[in-house]
Amino acid sequence: MPKITLLSEADLRGLVTLDAEAVDVVEGAFRSLAGGDVVMPPILSMAIPAANGEVDVKTAYIPGLPAFAIKVSPGFFDNPAIGLPSTSGLMMLLSARTGQVEALLLDNGYLTDLRTAAAGAVAARHLAREGAESVAILGAGMQARLQLRALCLVRPIRRATIWARDRARAELAAKELSESLGIEVATAAGAEAAIDGADIVVTTTPATEPIVREAWLRPGQHVTAMGSDQHAKTELDPQCVARADLYVPDRLSQTRSLGELRAAIAAGAVPAERDYAELGAIVAGTAPGRTAEDQITIADLTGTGVQDTAIANHAFRRARDVRAGTLYES
């Protein structure tokens, strides 16, 4: 009888952390995506307006990995008001040889949080200036915290500024991160003040109207936009994409319909047919990344199935090494 490994969120938190290896795993996934042999269908996305919710289903087959993941990721953004997290979900890991279910990763969105933060680190590693030491984080939720932690793995970050609409949440996040990372973390009264002078800007909000204006960007800055993973979302003024010396999507077909590029095309800021090299091509060395210190670079990260398959295989490999989880015979 086939055996399925059940891994709880607690199991997974003990197995996988946001570390250099996780960043390398996600970087490898982007490299594979550039190779042309990955099978990654479009995101299945369903909005549930009545509950201010959404559900995304992502998957990808990566040659060379023993299994592929199917990830179900709900986001219900009114949940905190009733004492529940806004995101949850799980991943199913299936054999790439037989299609049999090998593991259920009941992570409640933990692995998604990790791989998303790791993708931000990958973008910064290839697009931010090597000496970048200051960060502006827009947003004060879990992803905001993880993005700063991830950046500290790839750049010599010494200080950060956090802005969020809820100033109290921003101050709490700043206090926690300053203590845990041992760097200076402050808050700003506005997004423009937070961005001013930052080497790296990361947006981590569910905004549906731009919170970053083109006029605020300065030569040499790198911007990673994380929040626009649904058709109605946008964090950047469309002119930001037009102004950037280098715009880099995680998956061009996705960002044309979901990301900041979608908004820029809709506003007429850039032509709909313009081609852009994806992050995977830059990781693989088949397209150039940052080529000058004064370039403005933008990474538009909408989240890809290869990230989920990569992090799920990474977690399951660690689970097998230490025989973690509960075996279930189907």
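Me: Two strands pair if DSSP finds at least two bridges between them. With that in hand, in which sense do β8 and β9 pair, and over how many bridges?

Reply: β8 and β9 pair in the parallel sense, over four bridges. Strands (E, at least two residues) and helices (H or I, at least four) are DSSP runs, numbered from the N terminus.

Me: Before I go on, what kind of model is this?

Reply: It is a predicted model, where local features need pLDDT of at least 70 and side-chain atom pairs count only at pLDDT 80 or more, while totals for chains, interfaces and linings use all residues. Residues are numbered from 1 along each chain as its sequence is written, and side-chain values use heavy atoms, with hydrogens and water left out.

Me: Good. Which strands make up the sheet, and in what order?

Reply: The sheet is open and has seven strands, ordered β9-β8-β7-β10-β11-β13-β12, with parallel pairing. β9 (184–187) and β12 (246–249) are the edge strands; each has a single partner, so one side of each has no neighbour in the sheet. On average, neighbouring strands are turned by 15° against each other, direction ignored.

Me: And how many bridges join β7 to β8?

Reply: Five bridges join these two parallel strands. I137 has I162 in β8 as its bridge partner. Further along the sheet, β10 (residues 200–203) pairs with β11 (residues 222–225) in the parallel sense over four bridges, and I200 stands opposite H222 in β11.

Me: Where does helix α4 lie?

Reply: Helix α4 (residues 142–154) lies across β7 (134–138), β8 (159–163), β9 and β10, and runs at about 160° to β7. Helix α5 (residues 167–181) also packs on the sheet, touching β8 and β9, and its direction makes about 175° with that of β9. Contact here means heavy atoms within 4.5 Å. Axes are lines fitted to C-alpha atoms, for helices over the stretch in contact, and angles run from 0 to 180 degrees between N-to-C directions.

Me: What handedness does the unit of β7, α4 and β8 have?

Reply: That β-α-β unit is right-handed, and β8, α5 and β9 make a right-handed one as well. A crossover is right-handed if, with the strands pointing away from the viewer, the path from the first strand over the helix to the second runs clockwise.

Me: Switching to side chains: how many aromatic pairs does a search of the whole structure find?

Reply: The search finds one. The ring centres of Y247 and Y276 are 4.7 Å apart and the planes stand at 75°, so the pair is edge-to-face. Y247 is in strand β12 and Y276 in the loop between α9 (260–266) and α10 (279–284), 29 residues apart. As for the cut-offs, rings of Phe, Tyr and Trp (its six-membered ring) pair if their centres lie within 6.5 Å; planes under 30 degrees apart count as stacked, over 60 as edge-to-face and the rest as tilted.

Me: Is Y247 buried or exposed?

Reply: Y247 is buried, at 3% relative accessible area, and Y276 is buried at 13%. Buried means under 20% relative accessible area, exposed over 50%, and partly exposed in between (1.4 Å probe, protein chains only).

Me: Now charges. How many salt bridges does the search find?

Reply: Across the whole structure there are 18 salt bridges, each being a side-chain nitrogen of Lys or Arg within 4 Å of a carboxyl oxygen of Asp or Glu. Among them is R318 with D19, at 3.7 Å from N to O. R318 lies in helix α11 (residues 305–322) and D19 in the loop between α1 (9–15) and α2 (20–35), so this pair ties together parts 299 residues apart in sequence.

Me: What does R251 form a salt bridge with?

Reply: Its partner is E278, with the closest N and O atoms 3.4 Å apart. R251 sits in the loop between β12 and α8 (252–255), and E278 in the loop between α9 and α10, 27 residues apart. E278 counts as buried, at 18% relative accessibility. Elsewhere, salt bridges that share partners join D24, E27, R31 and R125 into one network.

Me: One last one: what is S73 in contact with, leaving aside its neighbours within four places in sequence?

Reply: S73 is in contact with E54, V55, D56 and S88. The residue S73 is in strand β4 (residues 67–76) and counts as buried at 16% relative accessibility.
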